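Here are my notes on this model. Please read them with the structure open.

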Amino acid sequence: MTALVAPPTAPETGRPPQDPPGKRVRKGGAGRTMKGGWLSYVILGFALLISAFPFYWTIVAASRSNADLAQVPPSLLPGPNLIKNFEQVLEEADIGKALLNSLIVSSSITLGTVLCCTLAGFAFAKLKFRGRGALLTLTIGTMMIPPQLGVIPLFMLIAELQWVNQLQAVILPGLVSAFGVFFMRQYLVQSLPDELIEAARVDGASTARIFWSIVIPIARPGMAVLGMLTFMTAWNDFFWPIIALSSQEPTVQVALRQLGGGYVNDQSVIMAGTLLGTLPVLIVFGLLGRQIVGGIMQGAVKG
């Protein structure tokens, strides 16, 4: 037999001795805690500096003149020309209409993608039907086809529909993405228990009722992540809008092409326009940031 030995106790209190305040203790299981040292903070601070410097330099360049940017070394502090450069951006391009068009296009694509991909992801994850595996493989396989291969037939289609230089020519091709379907399928496989769907079936709920009342509340963090990624992709898209739209009906990326023209490109005006085009994305991230982080962390824990 193995003798059971009680842990040593402190002579004054009769309790097991506590660890010193500065000592880190590794605990197993769910109670394990990890504390970062000074090296972790240095690495994180360095990564933050590298990530934030491009945006800071955009602000600096947008507030300087073109001559200031040509100096060696260039100034790293913001200048006094930010408002002046903004006014020049508004004169050279219809940036207000471009922002509105980009907002309409990006919001429509985001809403359509999130809804359609959540529906498809729920079907592939929890519904049983003939050919489910083959259809999922075919959907994922479309991600390996370069989008440039479909530009000519897609343009021929929108020309046949007389949608050239209209926003629907940019919106409709992006309403569903194979990545979004795969992403929501994987998320619902881990987050949505089969027992919950079976209980709803027993209570007489239809598939549509299950989707609206059970699937959407559970999939909300994943939908926020997909929505943010889709909005950023649609907002920054340049290749297809420059083909389907013109300068009379531009998005932000198409309008930025008109800035800083001349014998020498005015980089300060271009950076001012870029800053205006970046602000809506930052606002969307600020509104959905908590949901995005929560969705990522939930997926990491469930994995």
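1. Contact here means heavy atoms within 4.5 Å. On that basis, among contacts in the protein with a separation of 6 or more, 71% are between residues 24 or more positions apart. Bear in mind that this is a predicted model.

2. The secondary structure is 13 helices and zero strands. Buried residues account for 31% of the 303 residues. The accessible surface is about 19400 Å², and carbon and sulfur atoms contribute 66% of that.

3. Look at Ser 63, in the loop between helix 1 (38–62) and helix 2 (66–69). Ser 63 has a relative accessible area of 2%, so the residue is buried. A polar atom of its side chain lies 2.8 Å from the backbone nitrogen of Gly 79. Beyond neighbours within four places in sequence, Ser 63 is in contact with Pro 78, Gly 79, Pro 80, Asn 81, Leu 82 and Asn 85.

4. Next, the aromatic rings. The whole structure holds five aromatic pairs. One of them joins Phe 122 and Phe 211, with 6.1 Å centre to centre and 45° between the planes, a tilted pair. This pair links distant parts of the chain: Phe 122 sits in helix 4 (residues 95–126) and Phe 211 in helix 10 (residues 207–236), 89 residues apart.

5. Phe 211 also pairs with Trp 212. Their ring centres are 5.4 Å apart and their planes are at 80°, so this pair is edge-to-face.

6. Trp 212 is exposed, because its relative accessible area is 53% and the cut-off for exposed is over 50%.

Terms used: Residues are numbered from 1 along each chain as its sequence is written. This is a predicted model: local features need pLDDT of at least 70, side-chain atom pairs count only at pLDDT 80 or more; totals for chains, interfaces and linings use all residues. Side-chain values use heavy atoms; hydrogens and water are left out. Helices (H or I, at least four residues) and strands (E, at least two) are DSSP runs, numbered from the N terminus. Buried means under 20% relative accessible area, exposed over 50%, partly exposed in between (1.4 Å probe, protein chains only). Accessible areas come from the Shrake-Rupley method with a 1.4 Å probe; for residues, only the protein chains shown count as cover. A polar contact is a pair of N or O atoms within 3.5 Å; within protein, one must be able to donate a hydrogen and the other to accept it, and residues adjacent in sequence count only if both atoms are side-chain atoms. Rings of Phe, Tyr and Trp (its six-membered ring) pair if their centres lie within 6.5 Å; planes under 30 degrees apart count as stacked, over 60 as edge-to-face and the rest as tilted.
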